[in-house]
Amino acid sequence: MDAAKLMEKIQVEEFGGELGDLANPQKYRQNLSIHNQDMNKLIIQLEKMLLIRAVEESIAELVLSKEVNCPCHLSVGQEAIAVGIAQHLTSHDRAFGNHRSHSHYLAMGGNVDSLFAEVFGKKTGCSMGMGGSMHLFSGDIGFHGSVPIVAGTIPVAVGAALSAKLSGSNAVGIAFFGDGACEEGVLHESLNFASVMKLPMIFVVENNLYSSHMDIGLRQPNDSTARFAKAHHIEYRVVDGNDVIAVDNAASYLIAKARAGEGPGFLEAVTYRWLGHVGGNADIDVGVRRSPSELANWKERDPVARLFRALEDKHIYSASMFQGYKDYLDDLMKSAIKKAKQDPWPHPEFLYENVYYAKAI
Ligand SMILES: Cc1ncc(C[n+]2csc(CCOP(=O)(O)OP(=O)(O)O)c2C)c(N)n1
């Protein structure tokens, strides 16, 4: 069968699985339902999501204008996951990310100037300009690194959880990764080890239904990744990843359980990225089934707008407060970008620093 015929066959096959409505952008569009939540916390969550979006939209522009040259994977549309989880983490925990980790770094309190400096490759960057967008680090806040090797940080986070358990601390290890990482063997080894050792480990799958340009229906027999947790006897939750309250509740439960020594947790948060796999474009032309209408539909399930409208309905956050905060962020972005551009490059000699080897005994 030639490639065109194969693609035609693929296009007509039904996409679906256990996620059901959670994977349907026509559903879960309503404003978040606010009942007894702490309103201050919700405002902080809204503003954190706005910060992440402002940073990533600015980076998208810088990539498109070719002012930034390192590959940048943006998570615009996915902000609620990092924000809903990060508030349950402390600087003693050990969090790890992947190639799409600006949101994790920022949600945990990472410095904005240092992030921009890093994507510009400057010495003042959070990885001293040596890593770029896909290698972020901020140990002081508990963010112990992102790397682009898909699933690469998962066993490292499990090691951190083992260390926490052995040292008797109540810290957790946590790894953020995508649905594509569930196709790597090391995820399954990590789940097994964490389960059998009852480690304080949290696995977070940001299931945005795509790995690079291919949707999950073409890669896996089921669109829900939680079945892997089930297979390893790990307690899991599957939530609307565009609902920060749902993420918050699930994370609160699983993290508290892990801290109490009751073993690992697995959180599958269903979401969608608004931009292409890498860079600042929407890339609707290169995707398999990633059509303009699918993207437009998912934009109706915007995690920011759904929380803002709910707070507005309750007269807790007004349109002018929203605009005021966005204006404040605009200024913050301008000053961070200006500073990053003026900051120094690392000296070539710096390549030899931080390189070490262990001598065999
Ligand atoms: C081990 C490995 N295989 C392949 C790649 C190429 N690659 C980079 S990102 C990516 C897609 C990952 O998809 P997912 O884990 O779902 O995360 P998302 O990009 O959707 O956030 C792939 C295949 C890689 N970086 N590492």
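Tutor: The account begins with the ligand and then turns to helices and individual residues.

The model is a predicted one, in which local features need pLDDT of at least 70 and side-chain atom pairs count only at pLDDT 80 or more, while totals for chains, interfaces and linings use all residues. Residues are numbered from 1 along each chain as its sequence is written, and side-chain values use heavy atoms, with hydrogens and water left out.

There are 15 residues around the ligand, and those that come nearest are His99, Arg100, Pro148, Gly180 and Tyr210. A residue is near a molecule if one of its heavy atoms lies within 4 Å of it. The shell divides into 5 nonpolar, 7 polar and 3 charged residues. In this division Ala, Val, Leu, Ile, Met, Phe, Trp, Tyr, Cys and Pro count as nonpolar, Asp, Glu, Lys and Arg as charged, and the others, Gly among them, as polar.

An N or O atom in the side chain of His99 is 2.8 Å from an oxygen atom of the ligand. For Asn208, a polar side-chain atom lies 3.0 Å from a ligand oxygen. Ala181 takes part through its backbone, with an N or O atom 3.2 Å from an oxygen atom of the ligand. Taken alone, the ligand exposes 580 Å², of which the protein buries 72%; the areas come from the Shrake-Rupley method with a 1.4 Å probe.

The helices come next. Helices (H or I, at least four residues) and strands (E, at least two) are DSSP runs, numbered from the N terminus. Buried means under 20% relative accessible area, exposed over 50%, and partly exposed in between, with a 1.4 Å probe and protein chains only.

Helix H3 (79-86) is largely enclosed by the rest of the structure, because 8 of its 8 residues are buried. Among them are Glu79, Ala82 and Gly84. Ala82 is also a partner of Ser103, which, leaving aside neighbours within four places in sequence, is in contact with Ile52, Ser75 and Ala82; contact means heavy atoms within 4.5 Å. Ser103 belongs to helix H4 (residues 102-107) and is buried, at 0% relative accessibility.

In helix H10 (residues 292-299), the buried residues are Leu295, Asn297 and Trp298. Seen down the axis of H10, they fall within an arc of 160°, so they line one face of the helix; the arc is that of the directions from the helix axis to the C-beta atoms. These buried residues pack against strand E8 (265-270).

The loop between helix H9 (244-259) and E8 contains Gly263, which is buried at 2% relative accessibility. Not counting residues up to four places away in sequence, Gly263 touches Lys198, Leu199, Lys257 and Ala258. The C-alpha atoms of Gly263 and Ala194 are 7.6 Å apart, although the two residues are separated by 69 residues along the chain.

Most residues other than glycine have a negative phi. Tyr28, which is not a glycine, has a positive phi of about 55°. Tyr28 is found in the loop between helix H1 (3-12) and helix H2 (39-64) and is partly exposed, with a relative accessible area of 32%. Lys66, also not a glycine, has a positive phi of about 65°. Lys66 is found in the loop between H2 and H3 and is exposed, at 64% relative accessibility.

Conventions:
Polar contact = N/O pair within 3.5 Å; in protein donor to acceptor, adjacent residues only side chain to side chain.
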